[in-house]
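Student: I have a model on screen and want to go through it. Can we take it step by step?

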Protein chains: 2
Amino acid sequence: MNLKECFPIWDKLTSEQQNKILNSAIHRYIKKGTVVYNGLDCTGLLIIKSGQLRAYILSDEGREVTLYRLLDGDICLFSASCIMNSLQFTVNIISEKDSEVWVIPPDVYKNLMQNSIAVANYTNELMASRFSEVMWLIEQIMWKSLDKRLAAFLLEEVSLENTTSLKITHEIIANHLGSAREVVTRMLRYFQNEGIVKLNRGTVEILNLEKLKQLSV
Amino acid sequence: MNLKECFPIWDKLTSEQQNKILNSAIHRYIKKGTVVYNGLDCTGLLIIKSGQLRAYILSDEGREVTLYRLLDGDICLFSASCIMNSLQFTVNIISEKDSEVWVIPPDVYKNLMQNSIAVANYTNELMASRFSEVMWLIEQIMWKSLDKRLAAFLLEEVSLENTTSLKITHEIIANHLGSAREVVTRMLRYFQNEGIVKLNRGTVEILNLEKLKQLSV
């Protein structure tokens, strides 16, 4: 995957604008577990070449909730929140796998937005897409019980990791769901009693995907 | 308030674009309690001349949570969700007071977005602003207990209605907060015991604003 493949509107840019992006983009390798963005400075637009990043919010007490994941080809706008005055919230970004990203400096992207209708409208679509994911999350939090959310989360992990033997701690699952570790442990034990998962130290093995799917809806 | 005062970018439009807005805008009076938008069709951009609208989400079981309010001069983008492909969620809009709005047809606005950088970027700011409100709501739901959320809601009502004697039922408060009526009633009784409010049929009277403010943070 190269940089221009990540921009569906690449062909609508002038060659000058294309060069500006290519010349200003900084290529970075990020080790798994690195906090890439914590809202303190305006890092810039992140474009994920490969790997996996997680966007989450953090409470004053250190509790977390995962908002969404960023995968190959995804673009993260909120690490460049200074490009828009009305973006008055902070997301945190951490790498969940070793990743490669390009960083487009905020002033470069802001300048593009102000001079290209295609970029401005593409930014609208990007934001609308993240907004939709967050609205889905609100609905989950408000109307769905934790067992359903836990089931949906485990299914997502199976799909992201491409294995039914998940190396993940109860603590980390709790951080994704914005819940407490004890509550997640209790629910996982219930899943185990139902024959849906098998728990070992640091792993959750999915025994019955079908039952998990039924539970998640 | 007239239509152009609601558009901070009015002066950046061509006179042709200005006329297009003025000629296509439909002026509507809306009675209090009218569902203005329910996600089924693409109504168009709503511009609030006067009154008060409420944007909320609705569960399959009919539970509600208020996302934000729209007041004089505010613009509602999500009633024109068809203008963006990536807007994959539904908000509902209801009038909480008799209101006057202008409706800009979706195709007119979409055309403006595609031909004016100012409109495209203004739309970005609009969406970022609503996004920020929704992120604030998620943080409230996730990290704040119901007593704090109820206190914050009552304070907002005092400010919107400009009175400490609120005509509002426990049912309606529950719908705003995404909670159950019984839970809200119990919490309001606790507030009453603490001397913060006085409950009468259909009204909540705030006796101690200072205590309510302390509670809300």
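Student: In which order do the four strands of the open sheet in chain A lie?

Tutor: Keep in mind that this is a predicted model. The four strands pair in the antiparallel sense and form an open sheet. The twist averages 35° from one strand to the next. The order in chain A is S2-S7-S4-S5.

Student: Which strands of chain A stand at the edges?

Tutor: An edge strand has a single partner strand, so one side of it is left without a neighbour in the sheet. In chain A that applies to S2 (35-37) and S5 (64-70).

Student: Which residue in S7(A) does Arg54(A) stand opposite?

Tutor: Start with the strands: S4 of chain A covers residues 53-58, and S7 of chain A covers residues 92-95. They pair over four bridges, antiparallel. Opposite Arg54(A) stands Ile94(A).

Student: Which element gives the largest share of the side of domain 1 that touches domain 2 in chain A?

Tutor: The domain assignment gives domain 1 (3-142) and domain 2 (144-216). Their centres are 28 Å apart, taken over C-alpha atoms. The contact takes seven residues from each domain. Of the domain 1 side, the largest share is four residues, from S5(A).

Student: Which element gives the most to the side of chain B that touches chain A?

Tutor: The contact takes 32 residues from chain B and 32 from chain A. Two elements of chain B give two or more residues to its side: H2 (106-115) and H3 (117-143). By class, that side has 18 nonpolar, 11 polar and three charged residues. The most, 19 residues, comes from H3(B).

Conventions: Residues numbered from 1 in each chain as written. Chains lettered and ligands numbered in written order. Predicted model: local features only at pLDDT ≥ 70, side-chain atom pairs only at ≥ 80, totals over all residues. Contact = placed C-beta atoms within 7 Å. Nonpolar A, V, L, I, M, F, W, Y, C, P; charged D, E, K, R; others polar. Pairing = 2+ DSSP bridges. Axes fitted to C-alpha atoms, helices over the stretch in contact; angles between N-to-C directions. Domains from an automatic or database assignment.
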